[in-house]
Amino acid sequence: MLPAILLLVIGIGSLVIATVARADARGRYLVVMRDSVDAATVMDAVYQHGGGVTGFTWFSRGLYAVSDAPDFAMSMRASGAWMVWALPNIPGCFGTVEVRS
Amino acid sequence: MSPQILQLREGFGRLLCWLIWAHVPLLAFAGWTTTGAALPAALAGTLLAMIYHASWLLYGHAAVTRNLSAIIMMCLPAILLMLFARKPWQMDMHMYFFAMMALSIGWFDRATIVLSAIATSLHHLILLYVLPLAVFPGEGNLARVLLHAAIVAFQAAVLIWVSGKVLQAFERIHRMSEEIVATSVALKERTLEAEESTRVKSIFLANVSHEIRTPINAILGFSHILQRAPLTPEQMNQVRKIHGAGSTLLRLINDLLDFSKNEAGKLILERREFDLVEAIDNQIALVRDSAEERGLGIEVNYLTNVPDRLSGDQMRFDQVLLNLLSNAVKFGRTGTIVVTVRCDEWTDDTVSVQIAVRDNGIGMSAEEQSRLFTAFSQADSSTTRQYGGTGLGLAISRQIVEQMGGWIRVESIADLGSVFTFMIPFERVDTGASAPMRDKAAMPGRPASKNEIVHVIDPRFRDLCVLLVDDNEINREIGVGLLGNAGLLVECAANGRVACDMVGHSGQRYAAILMDVQMPEMDGIDATTEIRKVWSADQLPIIALTAHTFDEERRRCLAAGMNDHIAKPIDPKLLIARLNHWFQRGARKTIPQPMSHNVVPLAGDDAFVTLPADLAPFDLGLALDRTNGNPALLRRLIASFAQTYASAPSDLSRLISAGELAEASRLAHSLKGVAATLTLSSVADVAALLERAATSDETGETDNLIAALAEALDPALAAAQTLEPTVRTINTSQGAGGVRGEQDAVDLARDALVRVLRRRSLTAEQAFDAYAHALGLDAQARQDHPALQAIASRDFDLALEALNLSHPGTFPKRRDKSA
């Protein structure tokens, strides 16, 4: 049984990584701010670079943003964001429709 | 686990190898068409296929392989699901999970199915709920994931249920298979036991019947002899009743033996050519006397043409017909018994022979007819009391007829008579254009004539020469007496080798050969095989004479090429009947017999004249019966026995001590046979034990047995010695007969000497003394005799030659080549 369980864990882990690492971003971003930058500054920066804030993460200093600008991530990092991650689309079981902002 | 399940797992595991490897190109194609990632998809599929293949090669269909396959089979749709994400076919890829789960039933393993279900559910939970929820709050749809998990669980439950049922079914089949095998083995063992039991029963019955026949023969023999004695009418009546009761008892024993053998499936049919008309006539001849005594006639009507020759079991056909004829004679009251023969349903190869026997007897009611062919059943119990019989005859007839593929039935009207009809299909024998079928017109109402009674030698065959082959001196003596009295001439051989030599030298002289089976040097089977290389069964009939009544023995004889088989003790009537039969079939009817001996007629009513009234321990009455009432022959046999076997105990002791057990066994066997014939049962019994001990190399008790043999033999030798002087006295007091008596004494002494020389016995010198004494040789002549000199140098063959050369005129008066 142990080899099967091991294979199961490795398999699901691999699928998770593959899913998360897929480079098929559709203009949605997870933005994590530095400690020295407050939320208002970051929100301003999002708006200044042609984006919009869609929500905040369950942890502080994080927010979800959308933008069609191709250099959005680079601009945000220049404005003081610690990490800007273009999010993959995780459609669930039934996500047959392309999500576009 | 049943072998069938293991076999299924083996096949399924092998199938999965192919199936998983087949996913590698499928994944590559899917990756290329969806995301362009053909290589990673192919590598993932290859990795999974290699993992399974390695496990399959290492562990076969063991649990580790089955469990790994469950995960791998879920990984394949998971990869496809990921490749088709956000594509219209993503939803269809979910169906692949269910297909793979369903496929896992091929292992017939509950754990594998459960593992598949867990893997599927976990995949959905993590990738399709936890991960989206972790990335986008509120995006995971737990309810739908749970719904999917519930469907997976339901499918798993169904698969487990089906798998369990299949396993139960296979287990049940396996148990049933094992039970069938066990039952089959038990059945086979019981069949073997039953066959063995039947065989033992058959042998037991044969032995018992043989043992019972011996005293019955004594009863019949004595009563026959007594009927020739001067008796009062009342005594004569009583003796006749004794004879009748004995005959009935003998018939009963024979019927019981027959019925028992048939019931045990031991009825083995033979296929030999025979003449139907002759067979019918022979059976009628057997009952004609009885019929005439009851004032009945017998008539035969042939309603159709009859084939010249048929092929089938004539002996069984005869048995059925004789039974019906005997019944017709027994129950017939007036008029004529009519035998009707018709042959129907002719084909190129077969013909149905239908025979009806009609009598005007007591008849039967319908109810009586219905139970007529049942064993131990006659029309009613009073029939048995009034007419006798065992009630087995018709049951045996039915067994025989049905086994031969025919039928038997009865039509009867009470007080008017009965018609018994039976039909048996026979094969036709192609006799060529020169021998067409017999025309019924040539056989109108043909009655059997008196001169066809088979126990009387046909005058046409008188003075034909028969070669009697038997290693036992006494049996040869008896055979010579019986055949001589029947009007035949006899030559003897002591074993098969001598018989072959005699036939090879002058086979055309013999009309038939009577062949013992168990003989030293060359037995009857080998001798027959040898003779048959030159002489066909039609040219020279060979009739086996054996001590056994077993069918196996009979078949062995016939297979070797013998024409017929007669069991010992020999029934003279049967022997002559069979010889008549074979002479009649052959063309050897007028053969000159220059070497034959003269036939000496029996003494008739003077049977006891040359014998004392009592000669204990010999039972003279019984012994006389066995020598066909020939007292001279019996006297000669007793004297011969005394001379031959006087030294038997010491000879046996010497042979056993010297380790010559085969020779000892032969001597004991010979002594046993002769002693039994001369009614010395105690001698025969001890000799039998000695024979067995020598044959089985168990010589521990032989000293005691030899002592017992000497003790049993002494009274017989003493009795024989009291007989010898009487021989001389009688012979010498009868003038011309005295010459005959002296010649007899010389013959006796010479025969005894020849026998001990052939046995290479150390008593040869003593036997020579007796021979010299009988010849009247003086001391010098004895010393100069070449035979004695050869004996002194232990050259027994030379002694035999010398004996033959020196006295050729006195060589046994019948031509007896015993070595």
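1. Helix H3 (residues 63–83) of chain B, in this predicted model, has 21 residues that at 1.5 Å a residue should span 30 Å, and the 31 Å between its end C-alpha atoms agrees with this; the expected span is 1.5 Å times one less than the number of residues, and helices are DSSP runs (H or I, at least four residues) numbered from the N terminus. Of these 21 residues, 18 are buried, so H3(B) is largely enclosed by the rest of the structure, where buried means under 20% relative accessible area (1.4 Å probe, protein chains only).

2. Leaving aside residues up to four places away in sequence, B:Ile71 touches A:Ala4, A:Leu7, A:Leu8, B:Leu115 and B:Ala119, with contact taken as heavy atoms within 4.5 Å.

3. Helices H1 (residues 3–34) and H2 (residues 38–59) of chain B pack at an angle of about 170°, their axes 6 Å apart, with axes fitted to C-alpha atoms over the stretch in contact and angles run from 0 to 180 degrees between N-to-C directions. H1(B) and H2(B) are therefore roughly antiparallel, the term for angles over 145 degrees.

4. Residues are numbered from 1 along each chain as its sequence is written, and chains are lettered from A in the order in which they are written. Local features need pLDDT of at least 70 and side-chain atom pairs count only at pLDDT 80 or more, whereas totals for chains, interfaces and linings use all residues, and side-chain values use heavy atoms, without hydrogens and water.

Terms used: Helix = DSSP H or I, 4+ residues; strand = E, 2+ residues; numbered from the N terminus. Parallel < 35°, antiparallel > 145°, perpendicular 65-115°, else oblique. Buried < 20%, exposed > 50% of the residue type's maximum accessible area, 1.4 Å probe, protein only.
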